[in-house]
Amino acid sequence: MLRILVEKELRDILYSTKFSITFGASALLVMLSFYVGIRNYQESMREYESAKSVNVSTMATLTDWNGVQHKVFREPEPLQVLVNGVANDVGRTTDMRVRGELSLFNSRYSVDPLFAVFRFLDLNFVIAIVFSLFAILFGYDAINGEKESGTLKLVFSNAVSRADFILGKLFGSILALIVPLIVPFLVGCLMVIGFGVPISADEWIKLLLIILSGFLYFGAFLAVSIFISAVVSKSSVSFLFSLVVWIFSVLIIPKTSILVASQIAKVPNVDAVDAQKRKFLNQQLAGRQQKMQQFMQSATFDEGFSNRFNAFNDSISKIYEKERETFFQRLNEDWRNKKEWQERWAFRLSRISPTAIYQIASSNLAGTDVALKQRYLEAVNKYQEQFGEFMMKKGVSMGGMRVVIRSSGQQTQEEQPKPINVSELPQFVETRENVAAAFSRAVPDLGFLVVLNIVLFAAGFVAFLKFDVR
Amino acid sequence: MWRIFLEKELKDSLQSARFVVTSLVSIALIALSFYLGIAHYQARLSQYEQSQQMMLETASQQTNWMAASVFAFRKPDPMEVFVNGINSDIGRYSEINQMRGIKLVRSEFGDDPMLAVFQFLDLSFVVQIVLSLMAILFTYNAINGEKEGGTLKLIFANQISKAEFILGKLLGNWVALLVPFIISFLIGAMLIIAMGVEMSAAHWGRFAIFAFSAVLYFTCFMLIGVFVSALTKRSSLSFLILLVCWIVSVLIIPKAATMLAGQAMPVPSADEIESRIASFSTQARTEFFASMNKLFAERFRPVEGQSQEQRDQFVRENQERWQQEEKEIRETMDKKIAEYSARQYEDLYNQKNSQELLALSLSKFSPASAFQLVAMKLGGTDTGLKRRYEDAMKDYRKQYTNFLSDKGGGHGGIRLSVSNGRGTVSAAEPKKINIAEMPKFSDPVYGAGEAINASLFDVGLLALFNILAFVGAFVAFLHYDLR
Amino acid sequence: MEQHATISAEGLTKIYEDGVCALDHVSFAVKPGEIFCLLGGNGAGKTTAINIFLGFIPPSQGVAKIHNVDIHRDPLEAKKYVSYLSDVVMLYPNFTARQNLDFFARLGGKHALTRDDYYTALRRVGLQEKAFEQKLKGFSKGMRQKVGLAIAIIKESPAIILDEPTSGLDPKAANEFQTTLLGLRAQGKAILMSTHDIFRAKEIADTVGIMNEGKMLAIKSRKELEHEDLEQLYLNYIHGKVAA
C-alpha cells in the first residue's frame, strides 16, 4: 500500500508545473554554484601559487638569511568553494617570523570587498536557502490540499491506514526533492572532474556526506510543512505559516542567537588583549635595554666583541621569547576559553533552527567551520618552530638585531656573497583533515538533524491521526 | 469609483489572516533589526573608544617617539545601524608606521569568525528579503484570485473601467503594505532615540532617503506581483512564478553578477602586487649597494697606497660631500621604488574599479541589488569605505611621518653607538613623550550630500523599475480576459 | 435486520462534541442489488451517516457494518468492500483521467489492471475518449464526476456509497450517471446514496429513507412510493404531519 502511495505522490509532484519550475531553478543554481565554485577555486589556486612563487623568488635574490621576509599562505581547498563557511573571512597570509606572535591577514573579503557586498553563491547557500523553500513548496498543502480537492476522502474510503498515507507523503516528496538536487549535483561532480580539480577520495566522501546532510535538512523542512498542513485546515494559511517558519529558521534564529550569546557570554575586546600584549612587549623591551646597557658597560671591544655580543643577544632573546610565549599563551588561552564558551552558547541557541544545524554540520565536514582560524593558526605556529630552528641554524639572530662591525672607508675585497638556497627552507604543509576527523565533528549535528526529522515527522503523524478527513 | 475599490481592497487586506501574520512578522523583524543594529553599533563604538584610549595610553608610556606604535582606527558611524555593508569585512585599523604602508587589518569577521557564520541581521537585509516577500504575498493573486473567486465578473457587471479597478487595486494593496512598514520604522526611530544613538541631522536625512528607497523597493515587488497575476490564469502558478522571480532577483543576480564580473575581469591579488613591489625594491637595493661599493672604490682611489693619516685626512675633508652624495643616491632609489609601487597600486586600483563597475552594473538588473547599493551608499558602508579610509590614513601617515622627523628621526628600537672603546646604549631620552603633541587622525568625511549624490542614480533606477512594472501591470490588465 | 444486507446501520447515533445530535438512532440496511436513497435537506444527517460508514468519524452509539464488518472495529477490513464518490471530486489535477483511475484502483487492491481495463471503465461512465489521457486540470465538473464514478466502479466492491453525486450536473450528465448506476444495481451492488433531489430519488431508488434533524423519519420501498407523491410525503414528514 505504501508503495502505491509513494508512487502516486512522486508522480503527482513530477507532473506538476511546480516541479518543473523548481527543477529548472535548482538545476541552474546547483550547476552555477559548481561552475562558479570551480572557477573560483582555480583562480584562488593561481593566486596562491603565484604568491608562493613570488615569495620564493624574492627570497632567492637575497644573499643573507637575515634579510629573509618569509610569508606563508593558506592553500585553497576544493571543498571550501562549495561550502564557503568562514573560509573567505579568515586571513590567508601570514608573515613568518622567527619569533613573535603570528597573525592572519588578507582575507578574501577584506581584500576584495566587492565580493563581500553580496557574498558568494556556494552550494551550501543553494541548499540552505533555496531547497528549504522548495521543501515548503512541496509540503505546505500535503494534507489540507488533498482535503480541499476532495481526494482525501476518496483515498480513505479505501483500506488505507493513516500511517501509510503520511509516510507515502513524506517519502514521495523527499524523493521528488532529491531528484532536483542529485541530478545537477552529479553534473557538477562531472564538472569537478572535467575541470581537473584535484579532489581526494576523502573529499569525495565528505562531499557525499554534505549532500546527505542536505537531504536530512530539507527532510526536516518537509516534515515541518507537512505537520503544519495537518494542523491548519486551509492550504493558503498553512503556506503562510510554513513561510514564517522558514524566515525564522533561515534568517532570524541563526543571526539573533549569535547576538544573544554575545550578551550572555561576554568576551573581552580583542583590542584590549592586543594592548595588554603590547604593554608586555614594551616592558620586555625596557628590560632588554637595561640588560644591554649593563653588558655594554662591562664589555671590551676587541676582535671577539661581535661574537660575544651576538651570543649575549641570542641568549637574552631566548629568555624573553620564552617569557613572551608563556604570557601570550596564557592571554590567548584565556580569551579563547571565553570565546569558545560564547561560541558554544551561540551555536547551541542557533540549533533551534534546522538551517543553523545544517550549516554547522556541512561547514564542519568541509572544514570551513569557525574553528578553521584556530586550526590554521596552530598549524602556522607549529611551522614557526620549525622555521625558527632552521633560521637559527642559518645563523640568524633571535634578537632581531645583529652587530656587524664595518669601519667605514675600509675596502672590502671579499668575494661576492652567494645567494641563499631557498629550497633548504622547511616547507609549510597544511595537513588536510581526514574524513574521520571531520565526520566526528559533524556527527552531533547530523544526529540532531536525524532527531529533528524524527520528532517533526512524529508531530506531523500525531497531528494527522487527529486530522479530520471529512 | 476607484475609491470603492480602494476601500474594499484595504478592508480585504486588513481583515485577512495574511495581513495580520505578515505585518506582525515584519514589524517584529524590523524592530529587532533596529535593536540589534543599535546594539552592534554601540558595542563597536565602545570597542573603538577603548582601543583608541589604550593605544594612546601605551604610547604615552614610551620615552621615544620611534618606539610608540600608533594606530588609526575606523570610527563606527551611526548609519551602520541600518546597513552593515562591508563594514565587518574590512579591517578596523591600520598601523601608522614610517616603514610600512597603510594596511587595514583585523576585520571584525576575521577576528571573530563566529560572526561571519550567520552574519548580521541588519535593516537593509530585512527590507530586502522580508518586505519583498511580503509584497509578493499580498499581490500574487490580485487579479487571478478575483477571477478564481468569481468576483471579477461580478465587479465588471457594473459600470466600471479596467483602469479604475487596477488603480484601486494597486493603491489599496500599497496602503496596506505601507501600514506595517510605517509602524515598524517609527518603532525603529524611537529605539534610536531611546537608546541614545547620536544621529546628526544629516544622518536623519540619509535615513529618510533610505526609508524612501525601501518604499520604492517593495512597491516595485508589489507591482511585479500584480503584473504576473494579470498575466496568469491560476493564482498558484502566479505565486510560483513570483517566488522564482524573487529568488532570482534577491538571491541569484547579485551574487552571480559579482562572481561573473570577477571571472570576466580578473584582478591580480594583493599578494601578487606586494610581492612584485618587494622584488622590485630588492633589485633596486641590490643595484644601490653595488653602486655604493663602486663609489667607495672610486673614492679611495686617489689615496691608494698612502699612509693611514693621509687617508683619515682625506676622509675628513670629503665626508660632508660624500654624505650628500650617498643621500642623493639613496633618495633616487627610494623614489624609484615609491614610483613603481604607486604605479602598481594605481593599476590595481583602476582594474578593481572597472571590475567593480562591471559587477555592480550587472547586478543592477535586480531591484534587490539596486536597493542594497542605495542602502550601502547612503550608509557609507559601500566598497568605497575601504578606499576612503585608506586615503585618509595615507594622509595621516604623511602627517605623522613629518611629525616624527620633526621630533628627530632615525630608526626605532635601540640605538647603539660605539666610540672610543666605550659602548653605551642610548635608550633615548628618559623623559616620557607627550602624547598630546601627536597629530590626531581625522576620519574621512562622508557627508549627506556625497551619500545622496552617490545613491541618486540607483534610486532613479528603482523608480524606473517601478514605472516599468506599473506600466506592465496596467497594460496586462487592460488585455486581461475577464471571463 | 436481514443478515445478507451489504450495508447496514443499527441504531446509529452521533452526538458531536458541541452537543449537536447529528444522528439519532438511525437504522437501515441496503441489500445487494438495491439502491437506497437517503433523502433530506441540509443538516439532516445524511453526510454524517456516510462519514460514519467510511470510518471518518466514530459513531457515539450503534453499529455501522459493511459486508458484515463493523467499520468502527476494523476499518481497514471493512473498507475493502466499499467504494465511495463524494460531492466535490477535484481529484489530482496533474494526473490524467487514467492516472487518477490507476492510482485509486491500486489503492482499492486492483494491482493488475491494464490500460484497456481503465479505458473500459471510463467508457462505461460515458467519458469522451479524447479526455482519457488529458490532465484533470481542464475538466468540467461533470467530467470529473464521471472519473470519480469510474473510480468507484473499478474497485468492484460490493458496496458503493455516493454523497450527493448528481448535484451540479447538467441534465444529460445526470442522466448518463443514472444509467451507469442502474447498470451497477443490475450487477448486484448495494448502493447507498445521499441526495436532496426528490425526483431523482423517486426515479432511481429501490428504497428511500427520509431524514430530518438526525432522525430517520420513514423508510419507504419503491412499491410503497409508486402511488404516492414523494414530494408531498417528504414535506409532510419533515413538518411532522405524519407520525414516523
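Biologist: Of the 483 residues of chain B, what percentage count as buried?

Modeller: Buried means under 20% relative accessible area, exposed over 50%, and partly exposed in between (1.4 Å probe, protein chains only). In chain B, 53% of the 483 residues count as buried. This is a predicted model: local features need pLDDT of at least 70, side-chain atom pairs count only at pLDDT 80 or more, and totals for chains, interfaces and linings use all residues. Residues are numbered from 1 along each chain as its sequence is written, chains are lettered from A and ligands numbered from 1 in the order written, and side-chain values use heavy atoms, with hydrogens and water left out.

Biologist: How many helices and strands does chain B have?

Modeller: Helices (H or I, at least four residues) and strands (E, at least two) are DSSP runs, numbered from the N terminus. Chain B has 15 helices and five strands. Along the principal axes, the C-alpha atoms of chain B fill a box of roughly 125 × 45 × 35 Å.

Biologist: How many aromatic pairs are there over all chains?

Modeller: Rings of Phe, Tyr and Trp (its six-membered ring) pair if their centres lie within 6.5 Å; planes under 30 degrees apart are stacked, over 60 edge-to-face, the rest tilted. The count over all chains is 68 aromatic pairs. One of them is stacked: A:Y109 and A:F120, 5.7 Å centre to centre, with 20° between the planes.

Biologist: Which parts of chain A does the pair of A:Y109 and A:F120 tie together?

Modeller: A:Y109 lies in helix α4 (residues 108-111) and A:F120 in the loop between α5 (113-118) and α6 (123-139), so the pair ties together parts of chain A that are 11 residues apart in sequence. Both A:Y109 and A:F120 are buried.

Biologist: And C:F28 with C:F53: what is the distance centre to centre?

Modeller: That aromatic pair is tilted, with 5.9 Å centre to centre and 50° between the planes. C:F28 belongs to strand β2 (residues 21-30) and C:F53 to helix α1 (residues 46-53), so parts of chain C that are 25 residues apart in sequence are tied together. C:F28 counts as buried because its relative accessibility is 1%. C:F53 also counts as buried, at 0%.

Biologist: Which residues of chain B form one aromatic cluster?

Modeller: Among them are B:F34, B:F82, B:W204, B:Y217 and B:F371.

Biologist: Which ring does the charged end of B:R388 sit over?

Modeller: A charge sits over a ring if NZ of Lys or CZ of Arg is within 6 Å of the ring centre and within 35 degrees of the ring normal. For B:R388 the ring is that of B:Y446, with the charged end 3.9 Å from its centre. The charged end of B:R74 sits over the ring of B:Y389, 5.9 Å from its centre.
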